[in-house]
Amino acid sequence: MSADAAFIAIALDEARAAAARGEVPVGAVLVGADGAELARAGNRIVEKRDPTAHAEMLVLRESSEKLGNERLTGTTLYVTLEPCAMCAGAMSLARIARLVFTAEDPKGGAVLHGPLFFAQPTCHHRPAIARAGDADEAGALLREFFRARR
């Protein structure tokens, strides 16, 4: 199993845990330039009553605190769903080197859809973008979660 697949598998575990807590099932893992895991999280928007408590934001905050630096240069962010504009903006500000995600989000995503955040001339830092993992599995988690709530 490649490192990308292994970290996406961890992110999927975080997404499953988020769903079990009643949160939208999105998970993320941030990995340092040395390949060591810095932080992992699933969405905690409902739990924290915080609209910014997306999995990506939580791992960026925890990692910045752990490293004592708002710049997370050389890191790779693994996430189960295409990031939204807020998360893409935070990744740019943190100087994330690489973004790896699984499922596309045509409605709320901002990397391949919507505002195409990293393609904008006002974006000061663009991570390398890659896809890994089973997009069908990540998508099924989301569909099942929302189906149960309708």
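Reader: Is cysteine 84 buried or exposed?

Author: Buried means under 20% relative accessible area, exposed over 50%, and partly exposed in between, with a 1.4 Å probe and protein chains only. Cysteine 84 has a relative accessible area of 19%, so cysteine 84 is buried. Cysteine 87 is buried too, with a relative accessible area of 0%. This is a predicted model, in which local features need pLDDT of at least 70, side-chain atom pairs count only at pLDDT 80 or more, and totals for chains, interfaces and linings use all residues. Residues are numbered from 1 along each chain as its sequence is written, and side-chain values use heavy atoms, with hydrogens and water left out.

Reader: How many disulfides does the structure hold?

Author: A disulfide is a pair of cysteine sulfur atoms within 2.5 Å. The structure holds zero. For cysteine 84, the closest cysteine sulfur is in cysteine 87, at 3.8 Å, which is too far for a bond.

Reader: How many helices and strands are there in the protein chain?

Author: Helices (H or I, at least four residues) and strands (E, at least two) are DSSP runs, numbered from the N terminus. The protein chain has five helices and five strands. Their pattern along the sequence is α-β-β-α-α-β-α-β-β-α.

Reader: Among contacts between residues at least 6 apart in sequence, what percentage join residues at least 24 apart?

Author: Contact means heavy atoms within 4.5 Å. In the protein chain, 56% of the contacts between residues at least 6 apart in sequence join residues at least 24 apart.
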